[in-house]
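Q: I would like to go through this model with you. Shall we start with the ligand surroundings and then turn to the helices?

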Amino acid sequence: MEAAAPRGETPATPVGRPRLTVLSGPSGVGKSTVVAHLRRAHPELWLSVSATTRAPRPGERDGVQYFFVDDAGFDKLIANGELLEWAEFAGNRYGTPRGPVLRRLERGEPVLLEIDLQGARQVRAAMPDARLVFLAPPSWEELVRRLTGRGTEPPEVIERRLAAARVELAAEPEFDTTLINTSVEHVSAELLALVSES
Ligand SMILES: Nc1nc2c(ncn2[C@@H]2O[C@H](COP(=O)(O)OP(=O)(O)O)[C@@H](O)[C@H]2O)c(=O)[nH]1
Ligand SMILES: Nc1ncnc2c1ncn2[C@@H]1O[C@H](COP(=O)(O)OP(=O)(O)O)[C@@H](O)[C@H]1O
């Protein structure tokens with residue numbers, strides 16, 4: 001259900017038009033896992049590939065999980081106005097290339113972004129039609145277990161991400177919808193319904 005438009009205003013999105021869906025949530029909650037599961041079942045669903053200054057993790061490929069750029073390359077993307085939004089997260093910069101997102105929306109195709117809280121806020125400000133979805137962990141303990149269990153970050157990076165996670169969890173009320181990632185299958189199906197729905 002959509003909230004009714006405030007009195008005197010028309011709804012921002014005409015019925016039937018696909019729009020932008022933003023998936024956010026604390027590091028380690030399972031955003032990448034859920035999106036990967038969804039895209040295995042629905043390869044036609046397009047996910048924006050962000051640019052980042054973070055180093056690739058083992059198995060990550062340039063242009064697939066991210067476009068991996070150095071600091072100068074990221075500065076250039078900002079200077080040229082090529083990013084729809086960008087943010088610094090746990091010591092690295094991440095941004096959404098603007099062109100591919102706008103082209104798909106213009107063609108009437110749904111767009112999914114998996115970005116952090118600061119990015120979600122920028123998208124909300126720039127594109128009020130966007131639907132903001134918060135992926136929440138079943139509990140704080142489970143979030144710590146997942147982030148630690150993934151084994152991709154050293155302890156000091158995990159600490160930084162957990163500090164950021166406390167801030168992100170407090171921002172949940174800003175989002176349109178919350179999905180609790182207890183089961184990857186369930187939450188992927190719920191996300192698919194939101195992305196496909198106008
Ligand atoms: N603002 C913004 N955040 C992003 C973007 N791409 C990824 N992120 C977020 O950056 C954070 C760190 O991502 P990453 O280093 O891949 O770690 P992980 O999410 O813990 O696997 C996550 O919250 C991502 O959602 C982007 O283009 N813009
Ligand atoms: N529903 C779930 N139940 C149990 N473990 C999960 C679930 N979703 C994700 N995980 C695990 O949690 C860890 C973090 O998931 P990941 O997708 O990398 O998180 P994020 O992209 O939000 O940082 C991974 O080891 C992943 O396998």
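Q: Which helices each supply at least two residues of the shell around ligand 2?
A: Those are α1 (31-41) and α5 (140-150). Helices (H or I, at least four residues) and strands (E, at least two) are DSSP runs, numbered from the N terminus. This is a predicted model, in which local features need pLDDT of at least 70 and side-chain atom pairs count only at pLDDT 80 or more, while totals for chains, interfaces and linings use all residues. Residues are numbered from 1 along each chain as its sequence is written, and chains are lettered from A and ligands numbered from 1 in the order in which they are written.

Q: Which residues come nearest to ligand 2?
A: G30, K31, S32, T33 and R146 do, out of 15 residues around ligand 2. A residue is near a molecule or strand if its C-beta atom, placed from the backbone, lies within 6 Å of it.

Q: How do the residues of that shell divide into nonpolar, polar and charged?
A: The shell around ligand 2 has two nonpolar, ten polar and three charged residues. Here Ala, Val, Leu, Ile, Met, Phe, Trp, Tyr, Cys and Pro count as nonpolar, Asp, Glu, Lys and Arg as charged, and the others, Gly among them, as polar.

Q: And ligand 1: which residues are closest?
A: S27, S50, Y94, I115 and G119 are the closest of the 18 residues that surround ligand 1. At least two residues of the shell come from each of α1, β4 (83-89), β5 (92-97) and α4 (117-126).

Q: Which element gives the most to the shell around ligand 1?
A: That is β4, with four residues. By class, the shell around ligand 1 comprises five nonpolar, eight polar and five charged residues.

Q: Back to α1. Which of its residues are buried?
A: K31, V34 and L38 are buried in α1. A residue is buried if 20 or more other C-beta atoms lie within 10 Å of its own, exposed if 12 or fewer, and partly exposed in between, with C-beta atoms placed from the backbone.

Q: Why do they line one face of the helix?
A: Seen down the axis of α1, the buried residues fall within an arc of 75°, so they line one face. The arc is that of the directions from the helix axis to the C-beta atoms.

Q: What covers the buried residues of α1?
A: The cover includes β1 (20-24), β6 (111-114), β7 (131-136) and α7 (184-196).

Q: In α7, is E185 buried or exposed?
A: E185, which lies in helix α7, counts as exposed because it has 11 C-beta neighbours inside 10 Å. The C-alpha atoms of E185 and V34 are separated by 7.8 Å, although the two are 151 residues apart along the chain.

Q: What about V195, buried or exposed?
A: V195 is also found in helix α7, and it is buried, with 22 other C-beta atoms within 10 Å. Leaving aside its neighbours within four places in sequence, V195 is in contact with T21, L45, P110 and L112. Two residues are in contact if their C-beta atoms, placed from the backbone, lie within 7 Å.

Q: Changing topic: how do α5 and α6 cross?
A: The axes of α5 and helix α6 (residues 155-170) come within 11 Å and cross at roughly 150°. Axes are lines fitted to C-alpha atoms, for helices over the stretch in contact, and angles run from 0 to 180 degrees between N-to-C directions.

Q: Which residues make the contact?
A: L143, V144, L147 and T148 of α5 meet I158, R161, L162 and A165 of α6. They divide into six nonpolar, one polar and one charged.

Q: Where is A90, and what is its phi?
A: A90 lies in the loop between β4 and β5. Its phi is near 50°, a positive value in a residue other than glycine. Most residues other than glycine have a negative phi.
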